[in-house]
Amino acid sequence: MPVQQIVFFQDGEKSDWNNIRKIISHALKNQHFSMVYQPLISVNTGKIIGFESLVRCQSPKFGVISPADFIPCAEQSGQILELGNWIFQKALLDLKCMLNHGLSDICLSLNVSPVQLLNSDIFEQIMSLLHTFSIPPSAIKLELTETALINNPQKIANIFNAFKREGVQIWLDDFGTGFASLSLLRQFNIDGLKIDRSFVDGIDNNNDDFTLCSAVIAMAQRLGLFIIAEGVETENQLQILSQLGCDVVQGYLLGKPNTLGYNLEQWAL
Ligand code: C2E
Ligand code: CA
Ligand code: CA
């Protein structure tokens, strides 16, 4: 039996995963999900290189529900497969729109759940959408957390290799929070590392966080990996990350997640 979880909604009301499952089903039927996009900025040029796509759920009854609350539940119930389908379709349609509206060199990074990797034809699904929308595979990145690499590593390595042959890069999300070892990075042929916000948070006031970040960046550079720092909120953090040699930064300082319309107006000039 799965452990039930208590989730706190904005109005302070509590719910368990049974309720969240119902909310997700209802939201899928009634189009309560939407996508927002957060800019990824090159440290060298200060220019936008792309966006991370992030899902949102606006329930009429509970208000805005955080993906940090509903994604784990959707993974446990299997609803992530239907929700993930919808996310890929919507995000790639929006990417097509961005490419057509002046953001011609950008990439879109998509969060992928381990459940999708192991239980769906994710390769065929994404390649078919890219084909339908005439989007080059190099315009997308897939973000996976370290835990995604642990179960069935051979199957996952095969899927990664299939994507890489098509030119789709794989980034490891939340790096430092899981159990990924350096050898795992090489075994899976990862292209980029996203340093978790919890380390970036303390980079300018906590010696341990600074030491960890600088060691991770130095190591990633030697392995030829692309380095993205997430959760950058202050100029001070940005300056330190830039000095350490980070390639790309993402965080509220550079731009909050926002709707496609806002991003087109703001960035496509
Ligand atoms: P994540 O993939 O690590 O996404 C980054 C999270 O950090 C996002 O939260 C983003 O809004 C937040 N963030 C970005 N910059 C800052 C900052 O400067 N300060 C702070 N405090 N937060 C910042 P969000 O959108 O609530 O997403 C939470 C998690 O839910 C994501 O973490 C990801 O694990 C999952 N998720 C979101 N969208 C999707 C999706 O489309 N598919 C899947 N499978 N998971 C998703
Ligand atoms: Ca992510
Ligand atoms: Ca992350």
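A pocket, as the word is used here, is an open set of grid points with protein on both sides within 12 Å along at least five of seven lines. With that in hand, here are some close-up views of this predicted model.

**View 1. Ligand 1 in its pocket.** The space that ligand 1 takes up is the largest pocket. Strand 4 (48-59), helix 2 (67-77) and strand 8 each give two or more residues to the shell around ligand 1. Strand 4 supplies the largest share, with four residues. The shell counts 21 residues, and those that come nearest are Q38, R56, D173, E233 and Y252.

**View 2. Polar contacts of ligand 1.** Look for E52 here: one of its polar side-chain atoms lies 3.2 Å from an oxygen atom of ligand 1. N111 also places a polar side-chain atom 3.1 Å from a ligand 1 oxygen atom. For R197, a side-chain N or O atom is 3.2 Å from a nitrogen atom of ligand 1. On its own, ligand 1 has 800 Å² of accessible area, and the protein covers 84% of that.

**View 3. The calcium ion (ligand 2) and its protein donors.** Four residues reach this ion: E52 (OE), N111 (OD1), E143 (OE) and D173 (OD), at 2.1 to 2.3 Å. Along the chain, their spacing reads E-x58-N-x31-E-x29-D. N111 in strand 6 (residues 107-111) and D173 in strand 8 (residues 169-175) are 62 residues apart, so this pair links distant parts of the chain.

**View 4. D173 between two calcium ions.** D173 bridges the calcium ion (ligand 2) and the calcium ion (ligand 3), and the two ions lie 3.9 Å apart. D173 is buried, at 7% relative accessible area, whereas N111 is partly exposed, at 29%.

Terms used
Residues numbered from 1 in each chain as written. Chains lettered and ligands numbered in written order. Predicted model: local features only at pLDDT ≥ 70, side-chain atom pairs only at ≥ 80, totals over all residues. Heavy atoms only, no water. Donors = N, O, S within 2.8 Å, 3.2 Å for Na, K, Ca; no water. Buried < 20%, exposed > 50% of the residue type's maximum accessible area, 1.4 Å probe, protein only. Near = heavy atom within 4 Å. Polar contact = N/O pair within 3.5 Å; in protein donor to acceptor, adjacent residues only side chain to side chain. Areas by Shrake-Rupley, 256 points an atom, 1.4 Å probe, with all protein chains shown as cover. 1 Å grid on protein atoms, 1.4 Å probe; cavity = no way out; pocket = protein on both sides within 12 Å on 5 of 7 lines; lining within 4 Å. Sits in = over half its atoms within 2 Å of the grid points.
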